[in-house]
Amino acid sequence: MKDFSFVLPQVDKADQGKEKIIVTYKGETRELLTHDYGEIYKIPGLYENLFYDTLACQSPQVVCGLLEKAMNGNASNSQDRVALDVGAGNGMVGEELAKIGFNTIIGVDIIEEAVEATLRDRPGIYDEYFIEDLTDLPEKVEQKILEKDPNCMSIVAALGFDDIPPEAFASAYNLISEDGWIAFNIKDEFLQDNHPSGFSKLIDEMVASDIMEIVEKERYQHRLCLDGTPLNYYAVVGRKQEPVSDTFIAQYQ
Ligand SMILES: C[S@@+](CC[C@H](N)C(=O)[O-])C[C@H]1O[C@@H](n2cnc3c(N)ncnc32)[C@H](O)[C@@H]1O
């Protein structure tokens with residue numbers, strides 16, 4: 001039995017991430033925005049109920065399903081599966097990674113509430129979970145991640161929108177071993193030529209410079225916006241070919 005309820009005020013137009021919800025929990029009613037992740041994670045079940053049951057989000061399954069398809073299509077893929085899940089939130093992606101055979105999963109998220117919700121709702125999914133800002137990872141955390149030798153990085157629903165910028169994606173990419181898998185999703189318009197987010201330039205240049213090979217790419221509905229508009233994303237699975245150089249990353253800072 002859930003001990004919260006929420007109302008989605010009817011609006012003609014809503015901005016993704018700034019959609020208002022009125023939540024009642026333990027007798028207190030207040031207004032939150034859909035990207036108030038810390039406050040949402042604090043209420044058990046609210047994230048799942050709001051984004052998955054109500055707004056029809058399907059991204060962890062779609063991205064991890066595409067990753068599984070890519071890995072299955074690769075004959076030399078018999079090594080231990082170690083994933084770095086960035087913007088891990090309350091562990092929904094970690095749970096999917098475990099289902100497709102990852103035996104070591106490391107999480108990184110910028111907010112304390114994310115790890116608290118993961119330990120509360122999905123204990124045991126992550127072998128280690130760092131509360132860190134991916135744009136400013138301390139060297140000792142990078143070392144700890146490198147010691148686990150991750151051969152996959154997942155970033156689901158965490159690129160752009162003031163979350164993870166292109167340069168942080170590129171730096172984190174270097175924590176993955178050569179030939180490692182990269183599985184992420186991104187709003188479709190962010191991959192249009194010259195998009196101001198910088199992601200289309202980054203991904204195009206990584207591919208053109210043989211830094212990353214795109215193995216699978218699929219456009220799908222990430223979720224509904226509160227005004228009912230479908231929010232379409234690309235799920236992308238890539239394979240690391242070369243590390244990204246510091247000069248390359250500097251273009252995006
Ligand atoms: C929409 S949630 C996605 C959570 C999870 N990946 C999922 O699909 O359910 C985005 C997450 O990215 C995290 N995040 C945002 N900026 C970050 C940063 N700079 N470094 C690490 N995590 C970040 C947020 O705290 C939030 O938990």
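Predicted model: local features only at pLDDT ≥ 70, side-chain atom pairs only at ≥ 80, totals over all residues.
**Exercise 1. Which domains does the domain assignment of the chain give?**

*Solution.* The assignment divides the chain into domain 1 (4–54) and domain 2 (59–250). Finally, look at who takes part in the contact: 22 residues come from domain 1 and 23 residues from domain 2.

**Exercise 2. Describe the interface of domain 1 and domain 2, starting with its area and ending with its charged pairs.**

*Solution.* Begin with a convention: the size of an interface is often given as the accessible area lost when the parts come together. Here domain 1 and domain 2 bury about 1,800 Å² between them, and 56% of that lies on carbon and sulfur atoms. Now ask who supplies it on one side. Gln16, Tyr41 and Tyr52 provide 38% of the area that domain 1 buries against domain 2, more than any other three residues.

Then turn to the polar side of the interface. Nine residue pairs are in polar contact across the interface, and two salt bridges are found there as well. On the side of domain 1 that touches domain 2, the elements giving two or more residues are α1 (37–42) and α2 (46–54).

**Exercise 3. How many of the nine residues of α2 are buried?**

*Solution.* List the buried residues of the helix: Leu46, Tyr47, Glu48, Asn49, Leu50, Phe51 and Tyr52. That is seven of the nine, so α2 is largely enclosed by the rest of the structure. Among the buried residues is Glu48, and Arg122 forms a salt bridge with Glu48, with the closest N and O atoms 2.8 Å apart. Just after the helix, Ala56 has a positive phi of about 60 degrees.

**Exercise 4. Which residues have the most contacts inside the largest nonpolar core?**

*Solution.* This core has 50 residues, and the ones to pick out are Leu67, Leu97 and Phe102. Helix α3 (residues 59–72) gives the largest share, seven residues. Both domains take part, as at least three core residues come from each of domain 1 (4–54) and domain 2 (59–250). Zoom in on Leu97: beyond residues up to four places away in sequence, Leu97 touches Cys64, Leu67, Ala83, Asp85, Phe102, Ile105 and Ser154. Another core, of 38 residues, lies apart from the largest one and includes Val108, Ile186, Ile249 and Tyr252.

**Exercise 5. Take the salt bridge of Lys99 and Glu96, and decide for each partner: buried or exposed?**

*Solution.* The two side chains meet at 3.0 Å, N to O. Both residues lie in helix α4 (residues 92–99), three residues apart, about one turn of the helix. Use the cut-offs of under 20% for buried and over 50% for exposed. Lys99, at 60% relative accessibility, is exposed, whereas Glu96, at 11%, is buried.

For comparison, work through Arg30 and Glu39, whose salt bridge is 3.0 Å, N to O. Arg30 has a relative accessible area of 29% and is partly exposed; Glu39, at 24%, is also partly exposed.

**Exercise 6. Where does Asp179 lie, and which residues is Asp179 in contact with, leaving aside neighbours within four places in sequence?**

*Solution.* Asp179 sits in the loop between α7 (166–173) and β8 (181–187). With a relative accessible area of 45%, Asp179 is partly exposed. The contacts beyond those neighbours are Arg239 and Lys240.

Notes:
Residues numbered from 1 in each chain as written. Heavy atoms only, no water. Core = buried A, V, L, I, M, F, W, Y, C linked by side-chain atoms within 4.5 Å. Buried < 20%, exposed > 50% of the residue type's maximum accessible area, 1.4 Å probe, protein only. Domains from an automatic or database assignment. Contact = heavy atoms within 4.5 Å. Buried area = accessible area lost by both parts, 1.4 Å probe. Salt bridge = Lys/Arg side-chain N within 4 Å of Asp/Glu carboxyl O. Polar contact = N/O pair within 3.5 Å; in protein donor to acceptor, adjacent residues only side chain to side chain.
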